[in-house]
Amino acid sequence: MGINVRVLVILLLLVFGYVFYIGASTSPIIVFVFSVCIVSFLLSIYLTKWVLSKDEGPPEMSQISEAIRDGAEGFFRTQYGTISKMALLLALVILSIYLFRNTTPQQESSGLGRATSAYITVAAFLLGALCSGVAGYVGMWVSVRANVRVSSAARRSAREALQVAVRAGGFSALVVVGMAVIGIAILYATFYVWLGVDSPGSMKVTDLPLLLVGYGFGASFVALFAQLGGGIYTKAADVGADLVGKVEQGIPEDDPRNPAVIADLVGDNVGDCAARGADLFESIAAEIISAMILGGTMAQRCKIEDPSGFILFPLVVHSFDLVVSSIGILSIRSTRDSSVKAPIEDPMTILQKGYSVTIVLAILTFAGSTRWLLYTEQAPSAWLNFALCGLVGIITAYVFVWITKYYTDYKHEPVRTLALSSSTGHGTNIIAGVSLGLESTALPVLVISISIISAFWLGHTSGLVDETGSPTGGLFGTAVATMGMLSTAAYILTMDMFGPIADNAGGIVEMSQQPESVREITDVLDAVGNTTKATTKGFAIGSAALASFLLFSAYMDEVASFAHESFKQVDIAIPEVFIGGLLGSMLIFLFSAWACAAVGRTAQEVVKEVRRQFIERPGIMDYKEKPDYGRCVAIVASASLREMIKPGALAIVSPIVVGFLFRVLGHYTGHPLLGAKVVAALLMFATVSGILMALFLNTAGGAWDNAKKYIETGALGGKGSDSHKAAVTGDTVGDPFKDTAGPSLHVLIKMLATITLVMAPVFL
C-alpha cells in the first residue's frame, strides 16, 4: 500500500513487543505459542516468495490468469462487504441482548458487570469475523497467483507442477491455522492481563475461556456466508458451462469458446479456496475454544492447583500442528531428472507420503505435549490416557481420509461401478450415484461412534475425580481426541487448496491451447485434486461432529450457570423437546434444499446466457468471434450474493426464534428451562442429521465428478461418448451437493452450536 519500509518495520516491532509483553504476563506457554506462530508466518513468506519466483509462462497464460484474478478479487470485495454489514448488524443484536441479560455467579463474584461482558463478547465476535475474512482472503490471494505458475510448471514436469501447487496451498494453510491459534492466544492473554485474572476478587482463570465464545461465533458466521456465496458462485458457473458447452455443443471442459469458462475458473478460487480457508479457520477456532472451556471446567472440578496446562493445551497442540505440517509440506520436492517425457508419478502417492510423515511427527509431538501440560500429581498416569485419546483422534482422521478416498477416487471400485452405470444412460448414473452417497455414510458414522466412546472412556478412567470422587475426565478425553483429529489440520488444508489450484491450472492450459502432453499432466493433478477436496470435506465433517459434541456440553454448562440449577440431561419424551428435535432435523433439510435451489436458479441464468451467445455469435465455434466472458461473471456474482442471504438467515434466526418462543411457553406453563431444553434438542438432532446429510452430499458429488474424470481418461468410450454425456449429467447434479450444500452444512452444524452458546440468555 506504499507504506515506508522503515515505518512498517517499526510498527511490526511495536506489535510484536506488545504481543510478547502480554504473553509473558500471562504464561510461558503463551510465549511458546506466539513464537511458533511467528516462525510459521515467516515460513509462509518464504513459500510465497518461492512460488511467486516461478515464471507465469507465455503471454496468453498470463492474460487468462489476470482475468481470473480480477474476477475473483472483485467478487471477494463485494461479497465480504455484504458480510461485514450483516456482521455489524448482528453485533448490535448481541450487544443489546448482553446488556439486558442475567449474570452468572462467576461474573458476580469477579465483579464483571453486564456492560463489560457485553463489550467483551461483541469485540470477540467482530475479531473472529475479521480473522475469518482475512483467512478467506489469504486462501484466494495465493490461488489466483499460483494457478498460472502451476500451468507453466506443467510444461516442464508433473513433479514440479505438483510441488508449486502444494507449496502454494501450504502458504495458505500455515497462515490460516497460525491466525486461528495466535488470534485466540492474543485474545486470551489480553483478557487475562486486562481483567487481572486470578488476582483477589477477580475472575478465575478457569472461567476465562467462556469469554472467547464470541470469537468462535464470529468465525462461524463469516465462514457460513463465505461458503454459501462462494459455493453458489462456483457451481452455478460450472453447471452452466458444462450443460451447454459439453453436452449441447460437444466442446471440451475449459474450452476458450465457452462464454462461462472464466466464471467457472473464478468460482474455483472464491468457492473452494476463499471459502475453505474461512471454513477450516472456523473449525480450528471452535475446537480450541470448546476444548479450553472443558479443560477449565474439569480443572476447576478436580481442584487442580495450576489449571493453565489444561486450558492452554489446545493452543500448544495446534502450534505443533504448524511445525509438523511444515515438515510434511517441505518433504514434497521435485526430482532432478523430471521432465514432461518422464512417466507421470501418481500425485496422490506423493501427497500420502507427506501426510504419513506429518502423522508420525504429530503422534510424537502430541505425546510430548500431554506429558508437558497434562501431568498432575493428583493422577500421575492421566497424561498417558489423554495421549491415547489424541492417538484415537489421529487414527480417526487417517481412517476418514482413507474412507473418503475409497469412495471418491476412480482407482477404487465404487467410482468405477458408478462410471459403468453411465453406459446405460443418464438415469442409471443418477441412481448409482445416490445409492453410493447413501452407502458412504455408514463407515464414517461407525468410526465417529467408536472414537467418541473410546476417547470418553479413556478420559473417564484417567484417574481425575471431583470432590465427591466421581470421574470427570470423560468429556475432556473427547476434546483431546478432537484435537488429535485436527493435529494435522494445516497439511489437510494444504491438500485441499491443492485441488482448486490444480483445477485452475488445467483450465488455463486448455484455454491457452497448450500441447496435449501438458494437459495430460494437469488432468492427472485435477483428478487427484478432486479426491483431496472430497477427503478434506470428509475430515471436516468428522471434526465438526466431535467439536459440536463438545460445544453442546459447554452449552449445557452455560445454561446451568445462568439458571443456577443443574442441567445435565435432555428428555426427548417431553413433547415440546421432541418437537425441538424435529425442527432441528427439518432445518438441515430445508437449508440444503435452499442452497441447492440457489445453484439451480443461478445456473439457469448462466445456461440461457451461454445459449444466447452461441446463437447470436455463431463465429465463436470457429474461433472467429470472442465470447463475452464478463457477462457470465456479472450474472453469477450478483445472483450468488442475492441467493446466499435466505439460507444464511434461516440458520441464524431459527435457533433464536425457537428458543425464545418455547421460553415464553415455558414461562406460562411453569417450566422455566423449557426454551433451553428445546434448543438443546434442536442442536442434537440438527448435528446428527447434518453429519449424515453432509457425508451423503459430499461423497456422492465427489464420486460423480471422478466417474466423469475416469471416462475422460479413455474408459467406456472416452470424451464425447454417450457414457461421457451421462457422466456429465451426474457431475452437474453432484456439483451443488459437494461444493455448496455439503460444505455449508458442516459449517452450519458448528455455527448452531456457537450461536446457542452465545445466545443462551435468550432461552432462559
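A cavity, in the sense used for these views, is a set of grid points where a 1.4 Å probe fits but cannot get out, and the residues lining a cavity are those with an atom within 4 Å of such a point. The structure shown is a predicted model.

View 1. Side chains of opposite charge can pair when their charged atoms come close. In this model, a network of salt bridges links K235, D238, D526, D705, K708, K709, D731, D735, K738 and D739. The structure as a whole holds 29 salt bridges.

View 2. R611 and E248 meet through their side chains in a salt bridge, at 2.5 Å from N to O. Because R611 lies in helix α18 (residues 575–616) and E248 in helix α7, this pair ties together parts that are 363 residues apart in sequence. R611 counts as partly exposed, at 39% relative accessibility, and E248 also counts as partly exposed, at 40%. In a second salt bridge, the closest N and O atoms of R257 and D255 are 2.9 Å apart; here R257 is buried, with a relative accessible area of 15%, and D255 is buried, with a value of 3%. K303 is exposed, with a relative accessible area of 53%, and E467 is exposed, with a relative accessible area of 68%.

**View 3. The largest pocket.** About 1,100 Å³ of space lies in the largest pocket. Of the 34 residues in its lining, T297, R301, L475, D557 and K568 come closest to the centre. Among the elements that give two or more residues to this lining are α8 (261–301) and α17 (516–563), and α17 gives the most, with nine residues. The lining divides into 15 nonpolar, 12 polar and seven charged residues.

**View 4. The second largest pocket.** The second largest pocket holds about 920 Å³ of space, and of the 23 residues that line it, those closest to the centre are L12, F41, V134, V175 and M179. Helices α1 (5–26), α2 (28–52), α5 (114–154) and α6 (158–194) each supply at least two residues, with the largest share, seven residues, coming from α5. This lining divides into 21 nonpolar, two polar and no charged residues.

**View 5. A nonpolar patch on the surface.** V653, V657, F660, L661, V664 and Y668 form this patch, and together they have about 590 Å² of accessible area. V657 lies in helix α20 (residues 645–669), and at 39% relative accessibility V657 counts as partly exposed.

Notes. Residues are numbered from 1 along each chain as its sequence is written. This is a predicted model: local features need pLDDT of at least 70, side-chain atom pairs count only at pLDDT 80 or more; totals for chains, interfaces and linings use all residues. Side-chain values use heavy atoms; hydrogens and water are left out. On a 1 Å grid over the protein atoms alone, a cavity is a set of points where a 1.4 Å probe fits but cannot get out, and a pocket is an open set with protein on both sides within 12 Å along at least five of seven lines; lining residues have an atom within 4 Å of a point. Grid points are joined across faces, edges and corners, and a volume is the space filled by probe spheres set on the points. Helices (H or I, at least four residues) and strands (E, at least two) are DSSP runs, numbered from the N terminus. Ala, Val, Leu, Ile, Met, Phe, Trp, Tyr, Cys and Pro count as nonpolar, Asp, Glu, Lys and Arg as charged, and the others, Gly among them, as polar. Patches are made of residues with over 30% relative accessible area and no salt bridge: like charges are joined within 9 Å, nonpolar side chains (Val, Leu, Ile, Met, Phe, Trp, Tyr) within 5 Å. Accessible areas come from the Shrake-Rupley method with a 1.4 Å probe; for residues, only the protein chains shown count as cover. A salt bridge is a side-chain nitrogen of Lys or Arg within 4 Å of a carboxyl oxygen of Asp or Glu. Buried means under 20% relative accessible area, exposed over 50%, partly exposed in between (1.4 Å probe, protein chains only).
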